[in-house]
Amino acid sequence: MTVHNLYLFDRNGVCLHYSEWHRKKQAGIPKEEYKLMYGMLFSIRSFVSKMSPLDMKDGFLAFQTSRYKLHYYETPTGIKVVMNTDLGVGPIRDVLHHIYSALYVELVVKNPLCPLGQTVQSELFRSRLDSYVRSLPFFSARAG
Amino acid sequence: MSRQANRGTESKKMSSELFTLTYGALVTQLCKDYENDEDVNKQLDKMGFNIGVRLIEDFLARSNVGRCHDFRETADVIAKVAFKMYLGITPSITNWSPAGDEFSLILENNPLVDFVELPDNHSSLIYSNLLCGVLRGALEMAVARQLPLRFPTVPQVQMAVEAKFVQDTLKGDGVTEIRMRFIRRIEDNLPAGEE
């Protein structure tokens, strides 16, 4: 079980942060990839809510393929946390919420010297996020 | 400097006197820097706005409140959760307009104005205007779910609201009243250049 990578977007589609741990195949230029990812999420979110046969509660949560699973968490302010893991990982909404509340909000939003709306420069944020993900029960150092 | 990574929903305790005096020092300094009350009011609103856009993230991180479906739900969350969390008071909600797009928050006591008396030469100063800015900034970032309609992409919209003081105990009124008015929804769009 493992975590492949993580994206953090704001409500305007700006990629605030990207980290990867195990990724064997690259999609192309990172900037293009972020736009693709954001565009896909935007479309899938509205599609999911339109097609829902019942009243929607949380909206789009995850999708999976035969090789990986993409987990999604969005706040009412439009901050989106996206994590790709392998298939053995179950629902991790609480993990994504923790990344938002204990890492992004604590270390970036509350720091008046960290400007919002652009890629996070904070080294503290990057390293805390890295330690947190590595400490997750479903993260193993070897991709598998 | 090491920081607590996870505080959960606990709040750090701080002396309310320190808070009130700090706010008072801020307003006093602004009055010295800008010679007229109108400019001070504008600055307070602007500062409040900048606080609000960040404060809303902290609020969402700590309160587990989801999206508000309409303005009434928003009003409830503001009065019962947000004000309680940040200022320790619970204003009451009254005076809804017939269209449901305006309401008033009545504050029996306002922690910002403990010990404060407005001098005569500052009669048009809106002392607590920072609060209006905070409300504006926070709501502009918060997203309300709109019912999916006939358009192919469903907008997740933010709210532009106006907040202003209509009664103020500092000016002799019995209570402090903030009037909140819903102006419009701002559409959430794809970044420019996407088709």
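Biologist: Is the crossing of helix 2 of chain B and helix 4 of chain B left-handed or right-handed?
Modeller: Two packed helices are described by the angle between their axes and the distance between the axes. The hand of the crossing is a separate item. For helix 2 of chain B and helix 4 of chain B, the crossing is right-handed.

Biologist: How many nonpolar, polar and charged residues are in the contact of helix 2 of chain B with helix 4 of chain B?
Modeller: Helix 2 of chain B contributes residues including B:Leu44, B:Asp45, B:Phe49 and B:Ile56. Those of helix 4 of chain B include B:Cys132, B:Val134, B:Arg136 and B:Met141. By class, the residues of this contact divide into 12 nonpolar, six polar and three charged.

Biologist: Is B:Asp45 buried or exposed?
Modeller: B:Asp45 is found in helix 2 of chain B, which covers residues 37-63. Its relative accessible area is 18%. Buried means under 20%, so B:Asp45 is buried.

Biologist: Which residues is B:Asp45 in contact with, leaving aside its neighbours within four places in sequence?
Modeller: B:Asp45 is part of the meeting of helix 2 of chain B with helix 4 of chain B. Leaving aside those sequence neighbours, B:Asp45 is in contact with B:Asn129, B:Cys132, B:Gly133 and B:Arg136.

Biologist: How far apart in space are B:Asp45 and B:Pro119?
Modeller: In sequence, B:Asp45 and B:Pro119 are 74 residues apart. In space, C-alpha to C-alpha, the distance between B:Asp45 and B:Pro119 is 21 Å.

Biologist: How do helix 3 and helix 4 of chain B lie to each other?
Modeller: Helix 3 (residues 71-87) and helix 4 (residues 129-141) of chain B have axes that come within 13 Å and cross at roughly 120 degrees. Roughly perpendicular ends at 115, and roughly antiparallel needs an angle over 145. That makes helix 3 of chain B, relative to helix 4 of chain B, oblique.

Biologist: Which residues of helix 4 of chain B make the contact with helix 3 of chain B?
Modeller: Helix 3 of chain B passes helix 4 of chain B in a right-handed crossing. From helix 3 of chain B, the contact is made by B:Thr74, B:Ile78, B:Phe83 and B:Leu87. From helix 4 of chain B, the residues are B:Leu131, B:Leu135 and B:Leu139.

Biologist: How does helix 2 of chain A lie to helix 2 of chain B?
Modeller: The axes of helix 2 (residues 93-109) of chain A and helix 2 of chain B come within 9 Å and cross at roughly 150 degrees. Over 145 counts as roughly antiparallel. That makes helix 2 of chain A, relative to helix 2 of chain B, roughly antiparallel.

Biologist: Which residues of helix 2 of chain B meet helix 2 of chain A?
Modeller: Helix 2 of chain A passes helix 2 of chain B in a left-handed crossing. On the chain A helix, the residues include A:His97, A:Tyr100 and A:Val105. On helix 2 of chain B, they are B:Arg54, B:Glu57, B:Asp58, B:Leu60 and B:Ala61.

Biologist: Is B:Phe115 buried or exposed?
Modeller: B:Phe115 lies in the loop between strand 2 and helix 4 of chain B. B:Phe115 has a positive phi of about 70 degrees although it is not a glycine. Its relative accessible area is 64%, and over 50% counts as exposed, so B:Phe115 is exposed.

Biologist: In what order do the elements of chain B run from the N terminus?
Modeller: There are four helices and five strands in chain B. From the N terminus on, the order is α-α-α-β-β-α-β-β-β.

Biologist: Over which residues of chain B is the pLDDT below 50?
Modeller: The mean pLDDT of chain B is 82, and 80% of its residues reach 70 or more. Where pLDDT is low, the predicted coordinates should not be read in detail. The pLDDT is below 50 over residues 1-9 of chain B and over residues 144-157 of chain B.

Definitions and conventions
Residues numbered from 1 in each chain as written. Chains lettered and ligands numbered in written order. Predicted model: local features only at pLDDT ≥ 70, side-chain atom pairs only at ≥ 80, totals over all residues. Heavy atoms only, no water. Axes fitted to C-alpha atoms, helices over the stretch in contact; angles between N-to-C directions. Helix = DSSP H or I, 4+ residues; strand = E, 2+ residues; numbered from the N terminus. Parallel < 35°, antiparallel > 145°, perpendicular 65-115°, else oblique. Left-handed = near helix turned anticlockwise from the far one by under 90°. Contact = heavy atoms within 4.5 Å. pLDDT = per-residue confidence, 0-100. Buried < 20%, exposed > 50% of the residue type's maximum accessible area, 1.4 Å probe, protein only. Nonpolar A, V, L, I, M, F, W, Y, C, P; charged D, E, K, R; others polar.
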